[in-house]
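This report goes through one chain by region, with the sequence and the structure to hand. Please keep both open while reading.

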Amino acid sequence: MRAKKGLTKIKPYRGEVSRRELAQRLGLREEDILPLHANENLFIEKEWIKERIREALEKVDPRMYPDPQDVVVRRALAQHYGVNEEEVLIGSGADELIDGISRCFIESGDQIVTLDPTFQVYGISAMLHGGRCKSVLLREDFSVDVARLLREMDETTKVLYICSPNNPTGNQHGRDVIEEIIGNVDCIVVLDEAYVEFADYSLSKLIHDYDNLIVLRTFSKGFGIAGLRFGVALSNQEIVDIMRRGLQPYNVSNIAQYTALTLLENWGYLAEKINEIKRQREVLLEKLLEIEGLKVYPSKANFILVRVLKRGVRAEDVQRSLMMKGILVRDRSNLPLLDNCLRITVCPSYMTERLTSALKEALGS
Ligand SMILES: Cc1ncc(COP(=O)(O)O)c(C=O)c1O
């Protein structure tokens, strides 16, 4: 079978084993498996979200296609993010918008630049569309070496991705750094703010100051509907219009759109949950710091990166040991600068207890 050339260079983006499958393997109930591997929102009650979906269902007629202009939801999003309606584009998750960026801006041989270690979908998507991905390393402390980055950019660079807070390192880049970069490059800059609800500031409004900026947001993290798939791109009208031409018509289901609307109407509740996640992140951080043999990195996201320092113990061994106890975490050791690193989603306190005692056992501390 002759697949596209771009595909042959791509390692499959594989998540961990599913919760259901692991539960079956271990003879546990699905709800006993702790999903700390995908940075989902574990604080919003499932029933509360289901109720919002039921409300949304009452407002839509699933026999009909969604509004081709997505007017109602774009208006509400514009208000929420403090931008104009024409500056908002929606997608089936931020992933679909990343793919849309490749579809609209990457031609065969074009280059994208990523600041690594970072979210792998940027490179995968560009390569699928015939592009090349140049990786510029972050510094050891995960900050951006702007001079080095600018040196690596060339006339074939079409898109630069900056993830902030960065997945999987958890740090947020400063406003001055981001502005210095955007102001000094000619290409499109994508600022991925998937985790910004958990950080101190968002730079989304910079779309009003620069004509080459696209900001990505998602409802999978702060808003808690990863399974429904809903993401947002914010940019100037020209870029939004280009991308609307490149995306599938009716790309987001009307149920996802109306659930997003309902969630925006309940922002107060969600903001409380986000604060709870931020508080619990600090609790988890403290507890992880107490464990011997781990280096713990601070985080502005809903996950924490840790490095296994205990001699003779590999992150993959720790991951496997946790998995046997029904706890899923993500091994990020294959990424540059992240040898022996695991990424762990911030979770409610009863899960934190189980996690930390399993970690101590795995590390023999
Ligand atoms: C940095 C980053 N961007 C984008 C996404 C994709 O988000 P979505 O679920 O909206 O497709 C993720 C998902 O984990 C992510 O970590």
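This is a predicted model: local features need pLDDT of at least 70, side-chain atom pairs count only at pLDDT 80 or more; totals for chains, interfaces and linings use all residues.

## Helix α12 and its surroundings

Helix α12, spanning residues 315-324, has A315, V318, Q319 and L322 as buried residues. Viewed down the axis of α12, these buried residues fall within an arc of 100°, so they line one face of the helix.

After α12 comes G326, which has a positive phi near 85°.

## The chain as a whole

The chain contains 13 helices and twelve strands. For 365 residues, a compact globule would have a radius of gyration near 21 Å, and the value for this chain is 21 Å, which agrees. Taken along the principal axes, the box filled by the C-alpha atoms is roughly 55 × 55 × 50 Å.

Of the 365 residues, 43% are buried. Contacts between residues at least 6 apart in sequence were also sorted by separation: 70% of them join residues at least 24 apart.

## Helix α9

In helix α9 (residues 237-246), the buried residues are I239, V240 and M243. Down the axis of α9 they fall within an arc of 100°, so they line one face of the helix. Q237, E238, D241 and R245 are exposed on the other side of α9.

Several elements cover the buried residues of α9, among them strand β2 (88-91) and helix α5 (93-105). Strands β7 (213-218) and β8 (231-234) are also included in that cover.

## The ligand shell

There are 13 residues around the ligand, and those that come nearest are G93, A94, D95, T218 and S220. Helix α5 gives the most to this shell, with three residues. By class, the shell has five nonpolar, six polar and two charged residues.

## Strand β5 and its neighbours

Strand β5 (residues 157-163) is mostly covered, with six of its seven residues buried. Strand β3 (residues 111-116) runs parallel to β5 and is joined to β5 by four bridges. One of the pairings is between T114 and its bridge partner in β5, Y161.

Strand β6 (residues 188-192) also runs parallel to β5, and five bridges join the two. Here I162 has L191 in β6 as its bridge partner.

## Strand β1 and residue L36

L36 is part of strand β1, residues 34-36. It counts as buried because 27 C-beta neighbours lie inside 10 Å, where the cut-off is 20 or more.

Leaving out residues up to four places away in sequence, L36 touches I327, L328, V329, I344, T345, C347 and L355. L36 and R307 are 271 residues apart in sequence, while their C-alpha atoms are 16 Å apart in space.

## Backbone exceptions

Most residues other than glycine have a negative phi, and most peptide bonds are trans. Some places in this chain depart from that pattern. S164 and P165 are joined by a cis peptide bond, with omega about -5°. The bond from N167 to P168 is cis as well, with omega near 15°. P165 lies in the loop between β5 and α8 (175-183), and P168 is found in the loop between β5 and α8 too.

Two residues other than glycine have a positive phi. For D70, phi is near 50°, and D70 lies in the loop between α3 (46-59) and α4 (71-81). L337 has a phi of about 70° and is placed in the loop between β11 (327-331) and β12 (341-345). Are these residues buried or partly exposed? D70 is buried, with 20 other C-beta atoms within 10 Å, whereas L337 is partly exposed, with 16 other C-beta atoms within 10 Å.

Definitions and conventions. Residues are numbered from 1 along each chain as its sequence is written. A residue is buried if 20 or more other C-beta atoms lie within 10 Å of its own, exposed if 12 or fewer, and partly exposed in between; C-beta atoms are placed from the backbone. The arc is that of the directions from the helix axis to the C-beta atoms. Two residues are in contact if their C-beta atoms, placed from the backbone, lie within 7 Å. The radius of gyration is taken over C-alpha atoms; the globule rule is 2.2 Å times the number of residues to the power 0.38. A residue is near a molecule or strand if its C-beta atom, placed from the backbone, lies within 6 Å of it. Ala, Val, Leu, Ile, Met, Phe, Trp, Tyr, Cys and Pro count as nonpolar, Asp, Glu, Lys and Arg as charged, and the others, Gly among them, as polar. Two strands pair if DSSP finds at least two bridges between them.
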